[in-house]
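Hi there,

Here is the structure I promised to pass on to you. Have a look at it first, and then read my notes below.

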Amino acid sequence: MLGYRFNKDQGTITQGGLVQFITTPPGARVTVGSAQLANITPSKITLTPGTYGVSMERNGYHTWKKTITIKAGTVTWLNSARLVPTQIKTDGLIDYATVSSAQFSPKARFLALLADASKPVLQLDTIDRKVVTKTTQLELPAGSYSPGTSHEFTIEKWGRAEHYLLVKHVVDGHTEWVVVDTQDVNRSYLIGAQGAAQPIDVLFDLRTTAAVIVRYSDGTMRHIQTQTGAITQYPLQNIATFSFINDQAIAYTTTPVNGTVSVGYYSLDATASRPLTSYTTTAPVYASGSEYFKTIYYATAHDNQLTIYTIGDLPRSDSSEKWNPKLTQTIPLPDAPTSLVPHANGRLFVATHGTSQLSYDLELDTHYDVPVLTPEKTLTKPQEWFDDFNFWNNSNGMVRMYEFDGTNPHDIVATAPNTPGIFSDDNKYLYTIGKTDAGYRLQVSTMIIE
């Protein structure tokens, strides 16, 4: 179990490392170096320390390849292998004359679509594998958005329960948001201005399905219960960015005050926040936290640098309980950062900079900088992810998939620019929106061959 084996040539006992091989779909043959394993995936083997070339292959799919380094007494999980068919069959499901914005629900059961950004009318398509079983028109009631002469509606994101949908509305130059109840559109809720302050960022509260946390243009933050309309202002000021650490706390950065940016965390509904550190800079600073195997990690990206702190337990931010954050890693970034997010259940911190995406792996204490194929000069937001270890973009007119370390890139299917993509919950189908001569088409690509 600990990986010890007797080396009969040298007369020594050597400890190896365990390697787990997992592919989607399963049933791939595994080759390590020049030796093919007897078992197909999922499988495992103990290897002596060293560097190995690994390949996993299955008939009808591209071969997956990677070089790995094994250390004594460790477990290496090769579970990022999403095998791509050599011939991908793509079928059309439903056509659209126009598409302004669209978002798939988290489990790919629904596609919400706006045909015209100037009109408050959404189309909700229900998807069952390779069939659209129902199409519903949702017209936002007049009270759920402000009247005006110029309107721009954009579908931004779904809540986790696939019940509520967040729509951004810019009316006559002012920003507001609508939490759309897709089961009863008349119960949709308007997130409007608070005095002169406009709502800028909105995240669904992870503790419940019917509440949001909002950052306003004056740097204040509020918690809003969309079913009851109850609003609570948090004791936070000058907030520039925020993101969840877990379902009980957020990481935040402030706008520069006298040339100094503060970063810290706030336990939701606490009476005070707790600072972590500060930076002398006027450039944007990004902060993010994650909980990985019951340990809290906190990361900042600033001034061409990614910094990782280990915190352990996270005390309530308004308590007097001591804490001991430790600076554990500093990684230079070739360009100024433009975003920072956690991923893979807290295992990865992912920072964009220039036209590259850097992933820091907490498990292996290793980072990977992946150039992303894109016509833009700078990645201004996080890339989309199909799963824990595979991200993608479609800036080149194709869905191009990468592993988190940049290996095994594949072009999958042609898509319309700035449209979403998602796998079905059984990983068999990939849903995207393609461009046709007449308009647009919801399409499904079969990614697991029978």
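This is a predicted model: local features need pLDDT of at least 70, side-chain atom pairs count only at pLDDT 80 or more; totals for chains, interfaces and linings use all residues.

**Strand β36 and its neighbours**

Between β35 and β36 the chain makes a hairpin of four residues.

β36 also pairs with strand β37 (residues 398-403), again in the antiparallel sense, and here there are four bridges. Which residue of β37 is the bridge partner of Trp392? If you look across from Trp392, you will find Met401.

Now turn the model to see the two sides of β36 (residues 390-393). Are they buried or exposed? Asn390 and Trp392 on one side are buried, and so are Phe391 and Asn393 on the other, which leaves both faces of the strand covered.

**Some backbone details**

Most peptide bonds are trans, and most residues other than glycine have a negative phi.

Let's take the peptide bonds first. Thr24 and Pro25 are joined by a cis bond, with omega at about 0 degrees. You can find Pro25 in the loop between β3 (17-24) and β4 (29-32). Another cis bond joins Thr41 to Pro42, and its omega is also about 0 degrees. Pro42 sits in the loop between β5 (35-40) and β6 (43-47).

Next come two asparagines with a positive phi. Asn345 is not a glycine, yet its phi is positive, at about 55 degrees. Its place is in the loop between β31 (337-343) and β32 (348-353). Because its relative accessible area is 63%, Asn345 counts as exposed, the cut-off being over 50%.

Asn408 also has a positive phi without being a glycine, with a value near 50 degrees. Look for Asn408 in the loop between β37 and β38 (410-414). Is Asn408 buried or exposed? Its relative accessibility is 15%, so Asn408 counts as buried, since the limit for that is under 20%.

Enjoy exploring the model, and write back whenever you like.

Best wishes

Definitions and conventions:
Residues are numbered from 1 along each chain as its sequence is written. Side-chain values use heavy atoms; hydrogens and water are left out. Buried means under 20% relative accessible area, exposed over 50%, partly exposed in between (1.4 Å probe, protein chains only). Two strands pair if DSSP finds at least two bridges between them.
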